[in-house]
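Please consult the sequence and the model shown below.

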Amino acid sequence: TWVLDLHLQPDVSITPDMPGANLGADFGWLLESDEGLSLSDVVVNVGGATASCRYFPAHRAVLCSRSDYFRALLVGGFAEGL
């Protein structure tokens, strides 16, 4: 049996120059960089079958964490009618 007793007092402060300190910039990277866009796993169609419809690459985890509607649609078995 191993017992690990470190007695650490970590400095958990996040400075503005640390990676991950700016959530808005991190989400911007997901939407604006080739690497971030390559991670998208769903496409949102806005406008349906109209001539002015637009398609947006998106991230299922972000949509579900931010929207009850998308959570129900993507993980709750909800199906939207056409």
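Which backbone oxygen does the side chain of Ser 33 reach? The side chain of Ser 33 reaches the backbone oxygen of Trp 29, at 2.7 Å. The model is predicted, so local features need pLDDT of at least 70 and side-chain atom pairs count only at pLDDT 80 or more, while totals for chains, interfaces and linings use all residues. Residues are numbered from 1 along each chain as its sequence is written, and side-chain values use heavy atoms, with hydrogens and water left out.

**Ser 33**
- Ser 33 occupies the loop between helix H1 (23-32) and helix H2 (34-38); helices (H or I, at least four residues) and strands (E, at least two) are DSSP runs numbered from the N terminus.
- A polar atom of the Ser 33 side chain also lies 2.9 Å from the backbone nitrogen of Gly 36.
- Ser 33 counts as buried, at 13% relative accessibility (buried is under 20% relative accessible area, exposed over 50%, partly exposed in between; 1.4 Å probe, protein chains only).

**Salt bridges**
- The whole structure contains 2 salt bridges (a side-chain nitrogen of Lys or Arg within 4 Å of a carboxyl oxygen of Asp or Glu).
- Arg 60 and Asp 41 form a salt bridge at 3.9 Å, N to O. Because Arg 60 lies in helix H3 (residues 60-66) and Asp 41 in the loop between H2 and strand S1 (42-46), the pair ties together parts 19 residues apart in sequence.
- Arg 60 is partly exposed at 31% relative accessible area, and Asp 41 is partly exposed at 44%.
- Asp 68 and Arg 71 form a salt bridge, with their closest N and O atoms 2.5 Å apart.
- Asp 68 is exposed at 58%, whereas Arg 71 is partly exposed at 34%.

Terms used:
Polar contact = N/O pair within 3.5 Å; in protein donor to acceptor, adjacent residues only side chain to side chain.
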